[in-house]
Structure formats: structure tokens, C-alpha cells
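Work through the exercises below with the sequence and the structure open beside you. Try each task before reading its solution.

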Amino acid sequence: QDGSRAGRVRKKTVSFSSSLSEKKISSAADCIHSMVEGIELKKVRTNSRVYQRYYLLDAGLQALCWEPSKKESDKARISLASIREVRTGRNTETFRTSGVYEQISEDCAFSIIYGEMYESLDLVANSAEVANIWVTGLRYLMQYGKHALDMLASSQDSLRLGWLEQMFLSAADSDGQEDVEEGIRLQLAVKLVQSVNPGVGARKVEHRFKELQRVREKINERVTRQQFIEVFHDFCTRPEIYFLLVQFSSNKEFLDTKDLMRFLEAEQGMTQVSEEASLKLIQSQEPSEEGQQEGYLSLDGFTSYLTSAECHLFDKEHHGVCQDMSQPLSHYYISSSHNTYLIEDQVRGPSDISGYIRALKMGCRCVEVDVWDGPDGEPVVCTGYSLSPPLALRCVLEAIGKFAFVASQYPLIICLENHCSLQQQKVMCQHLVRILGEKLYNGPPCEGESYLPSPHALRHRILLKGKTLGPGPDGDEGEVSEEDEGAEMGQRLKAAAAPSDPLHVLPKRFQLLKELSDLVTLCRSVRFIDFPTSSKSQNPCELCSFHESLAVRLAGERPGDFVNHNKHFLSRVYPSPARMDSSNMNPQDLWKCGCQIVSMNFQTAGLMMDLNTAWFRQNGNCGYVLRPAIMRQEVSYFSADTRDTVPGVSPQLLHVKVISGQNLPKPRGSGTKGDVVDPYVYVEIHGIPADCTERRTRTVTHNGDNPVFDESFEFQINLPELVMVRFVVLDDDFIGDEFIGQYTIPLECLQPGYRHVPLQSLTGEELPHAKLFVHVALTNRRGGGKPHKRGLSVRKARKGRDYTALRDSGVRAVDEVFKMAAPPLREATDLRENMQNSVAVFKELCGVSAVANLMQCVLALGSRVSGPDGAPLLLFNLHDHYPALEPQGPLPDVLRRVVSNYEMMVQASRAVMELSDGIHDRILQIQTRAPAMEFHEKLPSLAAKEGLRGRKVSRALESFSWNITILKGQADLLKHAKAEVQENTKQVHDAALTGNLTK
């Protein structure tokens with residue numbers, strides 16, 4: 001009764017196959033037959049009322065009828081000849097202004113536009129598949145009328161049938177079968193099906209063949225041609241891909257080269273696709289000889305393409321190093337391992353050299369070496385307080401030297417925790433120099449420099465991080481504080497109970513060999529006191545190590561100061577020693593503050609390690625990822641705990657449609673439901689607090705082979721550079737939902753369009769053949785609002801527009817300069833938003849969703865501009881830089897509105913191109929009139945002259961940084977708006993050519 005999973009009674013049965021009556025839709029004929037039988041659909045009216053009606057096609061395929069209805073029977077129908085357009089989604093004025101808009105699934109809604117007045121019948125199906133059946137069938141009937149079934153009968157997917165017959169004959173020949181009519185061996189037929197769908201189990205295919213033979217009362221060990229085709233159809237047909245194919249195939253059962261070009265450019269984000277490239281792709285993916293010769297891509301060829309590496313969700317450009325590697329070391333996140341020698345828990349778990357080898361092969365660039373006095377004068381590596389057996393330091397260094405640069409050429413940092421006597425420190429020093437040799441960096445420290453060298457400058461170099469002797473009298477040794485994470489944590493925990501500040505606990509002291517101290521140059525360990533002390537006295541070559549609880553506390557209490565500290569200095573965060581089980585902290589809690597080195601227990605799988613592994617995949621897995629620009633700029637404002645938009649960064653909308661899953665395995669170790677899987681999908685967003693959220697699909701019962709979810713989600717992204725998207729597939733169970741697979745990817749690596757997502761196990765290995773099929777798009781933040789303000793009225797008048805405000809610093813000279821920026825900032829916002837609003841309204845008038853681009857917009861428009869004689873009523877004139885949309889005769893009111901708004905869009909775009917450079921320069925001039933560094937350095941003394949003290953001085957500095965961030969951000973957004981106009985213009989031009997809409 002309470003709706004919880006535990007309280008539901010739901011019978012679960014073991015099933016190896018779906019019912020033979022559950023025929024998969026793979027042709028327009030299947031759709032039309034289903035429509036003749038009819039189904040219940042919901043009708044949405046302008047008054048927000050929703051009516052349940054039974055809709056069906058009449059037997060003569062002449063009209064769409066519905067019942068019951070208060071209208072006379074001859075009026076409760078729409079002639080198919082009067083239908084102008086079949087539109088998918090909630091993309092009519094009725095839908096947009098409806099009070100039930102938010103409750104209607106985008107994937108289940110569709111509209112029939114009909115009659116002289118372009119009226120709309122707005123319908124909602126109970127599933128996305130039913131909506132797809134009706135949209136596909138109606139579009140086919142619009143094109144071929146009452147002859148549709150005759151057309152289908154004559155071209156019943158001949159490409160697939162011809163290919164399957166050829167495959168069957170070849171198999172019979174290779175098996176030495178003389179009489180083909182007798183069929184082929186059952187095991188051979190099973191292998192043929194598995195050659196196309198390798199994820200399906202042999203037992204399941206064999207069971208289906210025998211089930212089919214039982215129904216036909218012909219049980220034997222041979223499979224006939226017809227049986228093979230039927231079972232192939234069941235296991236190798238994906239209806240969701242068929243529905244996608246017919247969207248672009250002009251209602252054919254295949255894609256020709258022009259159809260494929262349109263799909264690649266409009267959906268997959270590819271540019272300048274030629275017919276030759278399209279044909280080449282067809283010939284590489286199409287299995288049938290006829291399709292290859294004619295340049296036709298069948299359903300099987302299209303499925304092959306969509307499951308190929310080309311359609312992987314991860315952008316292959318990120319497989320190699322693709323970021324600027326010439327910036328200071330402190331500007332990068334660095335992949336880091338904690339207690340690298342441990343391969344299980346922190347206390348009893350074994351130590352092994354393989355821990356270093358595995359981490360280095362994964363691209364780790366910072367490893368930890370705890371060195372203690374060992375037997376026979378040889379130092380050993382171990383955790384001093386644990387029961388783990390020690391490793392010889394010599395063996396550890398040999399493994400590091402051998403594998404240091406196997407996965408990455410960029411510098412490797414060895415965190416040396418030295419607990420040795422002076423005698424064994426000498427041995428340690430000898431091993432380091434002898435084994436690491438020229439790889440060991442021994443250049444001068446960066447005294448007087450503001451920043452560390454870059455990863456590029458330090459390629460193939462190993463840096464030592466450790467304690468050093470300070471300036472003082474010459475000698476072979478000296479006393480320093482000991483660096484023992486466990487002991488330090490214990491002391492801090494004791495001190496936390498005392499009234500004194502735990503930040504000022506004095507660590508133990510020990511003797512350090514000068515020879516060893518001299519090997520540490522760029523990563524000298526120093527104790528963290530507080531941010532003001534670091535700002536005054538810390539050198540870029542010095543870094544602080546923070547235990548997890550202190551770092552998290554600072555991130556919560558002083559997020560802005562932590563970000564500013566990390567602009568110049570490296571910060572290393574290590575897990576709390578209380579994590580005896582080697583569990584991991586959430587690295588993003590520290591990355592959002594700019595902490596570069598967040599040490600992870602690589603041996604422990606799970607969400608946190610998934611995030612870490614995925615994050616460093618975005619730059620060729622080289623172990624270095626450039627931090628967001630707002631965290632690197634000398635003067636900028638960013639607070640890590642922001643739960644709102646980030647100043648100077650334009651929010652983005654991420655649209656994710658989870659379409660289906662393939663070959664989802666039973667959870668490992670699960671035995672409660674036999675072979676049954678009831679999957680559902682979580683889409684998680686990980687980033688700054690303002691971005692963190694998750695959404696889930698419904699559960700698909702009893703289907704792990706090809707569950708169809710067809711659910712769309714929308715996420716506002718405020719800081720795209722720090723966002724990761726995680727897909728998690730779970731098995732819905734009474735006792736507890738069990739993990740099936742996951743895939744985590746940085747937002748920057750997402751490829752737009754229709755993509756397959758390879759699922760990974762808990763330990764990060766790819767699950768064989770297990771995938772999700774998704775659609776992804778990233779757009780500007782547009783739309784939303786209350787129902788009566790959604791749609792065409794969404795564009796904000798200038799009075800209601802939100803302008804980014806500059807802050808008063810309290811220092812008159814500074815504030816006077818920033819006041820001059822207000823007019824150009826308002827102009828920049830107006831210029832940008834006028835253009836983006838006009839694009840949003842044009843999309844709505846073209847009947848596409850906000851997720852669509854302008855190429856999709858124009859192609860959608862092309863399907864509804866035909867006049868009575870079939871000639872287009874609108875054509876684009878491409879002679880001007882901005883394509884002009886010209887009427888070719890009298891236009892109905894709805895198309896006149898399209899033309900009018902298109903002209904407004906062109907005017908707003910032209911204004912961006914003509915005026916943006918001037919406004920951009922004015923904003924930058926104000927920045928140069930208030931030279932950031934000069935004012936920033938003088939601000940404390942200027943504030944003192946104004947009588948500001950204490951917190952007011954800090955607030956003045958914060959306001960100054962905020963204003964500089966706003967100026968730079970708005971200037972950048974204006975540049976992006978100009979690039980957006982250029983891309984939009986190109987898309988309209990290309991779509992007009994592709995859609996044959998040019999004069």
C-alpha cells in the first residue's frame with residue numbers, strides 16, 4: 001500500500017524467451033497492422049483536459065477514427081489525405097500551454113497536424129513504442145496512401161531476406177548439405193544467430209528453435225530456412241533502431257547515401273559529410289551484397305553501424321593527450337595512489353610490487369613509498385602500524401623505474417615518507433640515484449618563481465616529494481619534523497578533544513640526511529598552518545599534505561580561500577587512517593576546491609574509484625587533467641560549495657534519453673530469481689553541489705536481453721568542466737536492488753547523438769556485449785517556466801531580464817572603474833539573449849524540441865512546406881551570407897509566422913556578428929583600465945585609506961575578484977555567441993542543401 005518495493009506482491013517466473021506472439025516491430029507493415037487493430041490513446045485539449053479514446057485506422061486505410069465520442073461517427077475521424085504533418089514530442093502550442101505538460105513523457109507524445117487551418121490532434125500513448133508505431137505508420141500512409149500495403153508487400157525488406165537466404169545457403173554448402181530444403185544442423189543455426197548477436201546465449205537460441213518446432217509439430221535436429229529467418233528476426237531485430245531508421249529514410253525500409261548523410265550531420269554532430277563518405281560507411285557496415293552495390297543501408301547494417309566503435313559514447317579525440325600540457329604543474333589534477341604497495345586493507349592486507357605496477361599502468365602519476373629501517377641494513381617499504389609484510393625498497397624502486405613511463409610520459413611524483421635511521425637513509429639515497437638514474441629530477445628549485453614548471457617541461461622525469469632541511473649551517477644532516485600520516489592523524493584526533501586548535505599540533509622530529517634532502521627540489525613538504533600564512537611565506541616548490549577530515553573541513557568553511565591557495569601551490573589530500581578497509585573518499589569533494597593530488601586506494605573498486613578512473617580518461621589517460629579555467633585565473637571568483645550558477649559561466653542543459661539495454665547479465669552472485677533480470681537505469685550527475693543530482697527509469701520486468709526504457713531526462717549543468725555523468729544499471733529485487741553494470745564519463749568526453757554505452761563491472765572490466773543505447777545532446781539553457789509562460793511567450797522582455805550584477809568593493813577608486821562596465825555588460829546580455837531567444841522560438845514554430853539543432857529544425861520544416869501540387873511553398877536563397885527564407889506563393893498563417901520569426905532570428909544573428917566585437921573590446925578595455933594584478937595587490941592599502949578593516953578588507957578583495965570574473969566571463973560568452981551564430985548559419989545552409997529546399 002505504501003508503494004515500497006518490499007510491500008509489493010509480484011510473481012516472478014523463470015523464462016528463457018519471450019512469448020512467440022510478441023512479434024518485434026521491424027517494418028511499416030507491422031505498424032499499420034497494429035494501427036488497424038487499434039489502441040487506447042489519451043487526447044490532450046487546449047483547456048488541459050485529457051480524454052481517453054480508442055483510436056484505429058479504418059479497414060480501407062482512408063481515415064483515422066476514434067470512439068467513444070460525442071461527435072457523429074462521420075466527424076470523429078480525420079481523413080489521411082488531410083494530414084499535413086505527424087510531429088513527435090510535446091511540440092505544439094496545445095502541449096506547451098497545457099497544465100499537464102510536466103506529467104506527459106516527451107517520448108510518448110505525438111501530434112497530427114491536419115486540415116486547411118493546420119489544426120492539431122495531440123495524443124499521448126502509454127509507451128514510447130506505441131507512439132513510434134503510430135508515427136511511423138501514419139507517415140508511411142501519408143506518403144503512399146491506400147496503396148501503402150501493396151508497396152510494402154512488394155518491398156518487404158528484401159535486403160534482409162536476400163542476405164539471410166544467402167547466409168543460410170552458404171552454411172548449408174559448408175556443412176555438406178545437398179538438399180537445402182531439409183535444413184541445416186541446429187547447432188550451426190545457433191552459431192549463425194550468434195555471429196550477428198554475440199551477446200545472446202546458445203541455450204536461449206536453441207530453446208527458441210525447439211519452441212518454434214513444437215508449435216509447428218516438427219521437432220528434429222535440423223532447422224529449415226523459414227525457421228531460421230523467424231528466429232533470426234526475434235533475436236537480431238531491435239525495434240528502437242528500426243523506428244530511428246524510418247525517421248531518416250523517407251519511409252523506405254533502408255537508408256540511401258543522402259538519408260545517411262542527413263542522419264550523420266543532423267544527429268551525430270558530424271560536419272561536411274560527402275556522399276562518397278556516406279557510401280564508404282554503407283559498404284563497410286551493410287551485410288547484404290545488394291545493399292553494398294546499391295548504396296543502401298538496411299536495418300541490420302544500421303544496427304551494425306550504431307554498435308560500432310564510431311558510435312561509442314566516449315569521444316575518441318580524448319583517447320590521446322588533447323589538453324595544453326605547458327601550464328604550471330599546479331594547474332592540473334594529478335592521478336594519485338595512496339599506500340600504493342597495499343593490495344587489500346590497510347592493516348592486515350598483503351603488500352605487493354604489483355600494486356605499483358597496476359597503478360602505473362593505469363596512468364597514476366603520484367605513488368606513495370613509506371620507508372622504514374629493515375633487516376641487514378636494507379630499507380623496506382611498509383605501513384609502520386600495520387601487520388602487512390614489508391617489501392624491499394630496492395625492488396619497489398626497480399618496479400617504479402621500469403613502469404614509470406609505460407602509460408604516460410609526464411612527470412611521476414614519488415611521495416617519500418622517510419622513517420629511517422641516518423645509516424639506512426644513506427642506503428636509500430644510493431638506491432634512488434643508482435636505480436632511477438637520469439630519470440630522477442635534480443634541477444634547481446624554483447626560487448623566486450611564481451609557479452612550478454609544466455608537465456611538458458618535466459617529461460620522463462621522476463620528482464621526489466618529501467621533507468627537506470631548511471637554510472642553516474652546512475653539515476651532513478639536520479633535524480626535521482617527521483612525516484607520518486597515521487601518527488599525525490592520531491595526534492590531531494587527540495588534540496581535537498583538547499581546547500587547543502588541532503591545526504597547531506607539533507609533530508615528532510627526526511634526523512634527515514642532507515644528501516637525501518638535496519634530492520627533493522620541486523615538491524618539498526611543509527606543514528599547513530593556515531591560508532594567510534601560506535599566502536605570505538609558502539614557495540611554489542613547497543606543498544602541503546592534508547588529511548581527509550581537515551581538507552573536507554576547509555572545503556566547507558573556506559572554499560574560496562582553498563581554491564585561491566591551489567592556484568600557486570600543490571595540495572595533496574590523503575584518506576583518513578580510520579579507513580582501515582581501504583575505502584575511498586569522494587575525489588570530487590576535493591577537486592572542486594582545486595586540490596590537485598587526491599590520493600586514492602586503487603585496490604578498492606566502487607563509485608569513488610569509478611569517478612577517479614573516468615576523470616583521468618579525458619586526457620589520454622596520461623594522469624594529468626587541466627583544471628577549469630576559473631580555478632586557474634590569477635584573479636577570479638569561485639566558491640566550491642556554490643549551489644547556484646557560477647559567475648561568468650553560462651549554464652548548459654544536458655538532455656539524456658535512455659532508449660534501451662542489450663545483453664544485461666544477471667548480477668554476480670545473485671540466485672534469488674533464476675535467470676530473470678528486471679533492470680532499471682540511474683543517470684547520475686557528479687560535479688559541484690549545484691550540479692549533483694540523479695534520475696531513474698522505470699523497471700522493465702523479465703528482460704535482460706533487450707529492455708526498452710525510452711525515457712528522457714534533462715539536467716542543468718552549471719560548471720560543465722567539472723561534471724561527470726554516470727550510468728548505473730540495477731536489478732529490481734525484493735530483498736535489495738543488485739548491481740549489474742556502470743559506465744562513468746566526463747561531460748567533456750560525451751559525443752552527441754545516438755550512442756552505445758559499454759557497461760563495466762564493479763571492478764572496472766568491460767562486461768561482454770552488455771550495453772545501453774542512449775541519445776545525448778547539450779544545449780544552451782532555454783525554456784522552462786510556468787505552463788502559461790512556456791512556449792512562444794518564454795522570451796523575456798528586457799524589463800524582466802536578469803542582468804549579472806557587479807559588486808561594490810567599498811573602495812571608491814575601484815568601484816568608479818567598474819561602474820563604467822555596467823552599460824556594455826547589459827548590451828552584451830541583450831545581444832546574446834535576443835539571438836538565443838529568437839532561435840528558441842524558431843525551433844518551437846518548426847515543431848521541434850529545445851534539444852534539436854537548427855539543421856534538424858530546417859529538415860523538420862522541409863517535411864511540411866509542400867503545397868497542393870507538391871511544390872515547396874518555402875525555399876532558401878543561399879546567395880547572401882545569411883540564407884533568406886522566401887515564400888513561393890500564398891502562405892497559410894502558420895508558415896507566415898515561421899517566415900516572420902526566421903527573419904527576426906537573422907536580424908538578431910546579424911546584430912551579434914556586427915556589434916559583438918566592439919562590445920567585447922569595451923569590456924576588455926575596462927579590465928585593462930583596472931589592471932587586475934596591480935589593483936589586486938594595492939587593494940589592501942587602498943581599503944585601509946578608505947577606513948576598511950578586517951573582514952571588510954577580505955570582502956573588498958572578494959568583490960574585486962567577482963567583478964573581474966564577471967567581466968571576463970561575459971566577454972567569453974559574447975565570443976561564444978558569435979561562434980554560435982556562425983555554426984547556426986552553416987547548419988541552415990547545409991540543411992537547405994540536404995533537404996532540397998534551395999532556389
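**Exercise 1.** Which residues of E19 lie on one side and which on the other, and are they buried or exposed?

*Solution.* The model is predicted: local features need pLDDT of at least 70, side-chain atom pairs count only at pLDDT 80 or more, and totals for chains, interfaces and linings use all residues. Residues are numbered from 1 along each chain as its sequence is written, and side-chain values use heavy atoms, with hydrogens and water left out.

Step 1. Apply the cut-offs: buried is under 20% relative accessible area, exposed over 50%, partly exposed in between (1.4 Å probe, protein chains only).
Step 2. Glu542, Cys544 and Phe546 on one side are all buried, as are Leu543, Ser545 and His547 on the other.

**Exercise 2.** Find the strands that are joined to E19.

*Solution.* Step 1. Strands pair if DSSP finds at least two bridges between them.
Step 1. E18 (residues 523-526) runs parallel to E19, with three bridges; Ser525 has Leu543 as its bridge partner.
Step 2. E20 (residues 571-574) is also parallel to E19, with four bridges; here His547 is partnered by Tyr574.

**Exercise 3.** List the buried residues of helix H6.

*Solution.* Step 1. Helix H6 covers residues 186-196.
Step 1. Its buried residues are Leu186, Leu188, Ala189, Val190, Leu192 and Val193.
Step 2. These pack (contact: heavy atoms within 4.5 Å) against several elements, including helix H5 (158-174) and helix H7 (202-216).

Terms used
Helix = DSSP H or I, 4+ residues; strand = E, 2+ residues; numbered from the N terminus.
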